[in-house]
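Here are some notes to read beside the structure, written for someone meeting it for the opening time. Please keep the model in view while going through the points.

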Amino acid sequence: MQENKSLHNALRQVRLHAGKVRLCGFSVSGLATYLQLPELDFCVDMGECPVSAIGINHVFLTHAHGDHSRCLMRHHSLRRMMGVERPSVYYIPKDLVKSAEEWIHSEAMFEGVPEARFKLPKIVPMEAGEKVTLAYRKDLMLEAFPVKHAQVGKHFLPSMGVTLYNHKNKLKEEFLGLEPAEIIKLRADGVNITREVFDPLITFMGDSLGENLNDPALNAIWDSEVLVSECTFVDDDEEEMAQKKGHTHISAIVNALNAHKETMKCKFIVLNHFSMKYSAEHILESIQNKIPEEFREKIIAFI
Ligand SMILES: [Zn+2]
Ligand SMILES: [Zn+2]
């Protein structure tokens with residue numbers, strides 16, 4: 001296997017479309033991961049903060065590992081330096097909020113910010129199963145879910161995946177086909193004529209063990225139009241390593257695809273976070289050889 005050094009430049013941005021969603025970012029295990037959705041004003045993780053991230057107002061953090069979190073405050077401070085007035089909002093797993101605040105404070109003190117001038121950025125603690133509307137995009141909602149990733153002793157580090165929903169109000173079935181004047185009248189009479197609809201646009205697994213893909217509690221991930229899953233390991237003899245390091249092996253993706261093929265609504269499955277030891281050719285060859293043909297059209301390698 002030949003190492004491909006061009007894969008390893010975290011500022012070399014990968015840009016691609018997965019259906020309606022444009023994804024710009026970088027993701028190599030241990031180096032850096034950040035995934036921007038410019039049109040949706042949203043970014044997952046901030047392991048690197050290129051200038052293109054400055055305009056993005058909402059950032060979700062999956063977990064605390066440095067290759068995902070390192071540039072969170074660089075994002076915050078670059079925006080202030082560039083004169084962006086709107087405060088950015090950081091959506092962080094609830095169990096990480098306290099240590100994140102301590103880390104942010106220590107970093108500010110390290111940089112010599114006077115205590116009196118120190119101010120925490122806007123942080124929204126994310127709890128499993130709670131839908132949260134994005135601060136500046138009322139049409140978009142987030143729902144985080146816990147995933148199993150790295151284990152320390154008996155405990156897993158707090159890690160979450162996230163689904164981004166398009167949130168709309170639609171006319172209830174019984175009112176479809178009514179004239180506009182009738183609808184206006186019903187509304188004026190205080191009749192509740194709409195129902196809430198949540199369309200799952202994209203789900204990010206974050207760093208996670210392959211078994212999360214087959215967890216019945218997480219079945220909803222297969223309803224998203226786009227599913228972004230890590231695929232750190234692809235070689236035949238690395239399944240045990242994937243398990244030990246809390247990551248997903250390509251064989252777990254194949255199992256999950258087979259298990260969900262009758263019910264899945266995903267049109268695209270983006271694989272990211274490949275180990276830094278693989279070349280681009282090796283990754284593409286592994287997908288070609290290991291993902292069954294019936295799913296291959298859905299698969300996009302984020303390299
Ligand atoms: Zn990672
Ligand atoms: Zn990690």
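**Notes on the fold**

1. Helix 3 (residues 94–110) lies across strand 6 (89–93) and strand 7, and runs at about 120° to strand 6. Helices (H or I, at least four residues) and strands (E, at least two) are DSSP runs numbered from the N terminus, while axes are lines fitted to C-alpha atoms, for helices over the stretch in contact, with angles from 0 to 180 degrees between N-to-C directions.

2. This is a predicted model, in which local features need pLDDT of at least 70 and side-chain atom pairs count only at pLDDT 80 or more, whereas totals for chains, interfaces and linings use all residues. Residues are numbered from 1 along each chain as its sequence is written, and chains are lettered from A and ligands numbered from 1 in the order in which they are written.

3. Seven strands, in the order 1-2-3-4-5-6-7, form an open sheet with mixed pairing (two strands pair if DSSP finds at least two bridges between them). Strand 1 (14–18) and strand 7 (122–126) stand at its edges with a single partner strand each, so one side of each has no neighbour in the sheet.

4. Strand 2 (residues 21–28) pairs with strand 3 (residues 32–37) in the antiparallel sense over 5 bridges, and Phe26 stands opposite Tyr34 of strand 3.

5. Of the 9 residues of helix 4 (residues 180–188), 0 are buried (20 or more other C-beta atoms, placed from the backbone, within 10 Å of a residue's own), so this helix lies largely in the open. Just after helix 4, Gly190 takes a positive phi of about 80°.

Conventions: Contact = placed C-beta atoms within 7 Å. Buried ≥ 20, exposed ≤ 12 C-beta atoms within 10 Å, placed from the backbone.
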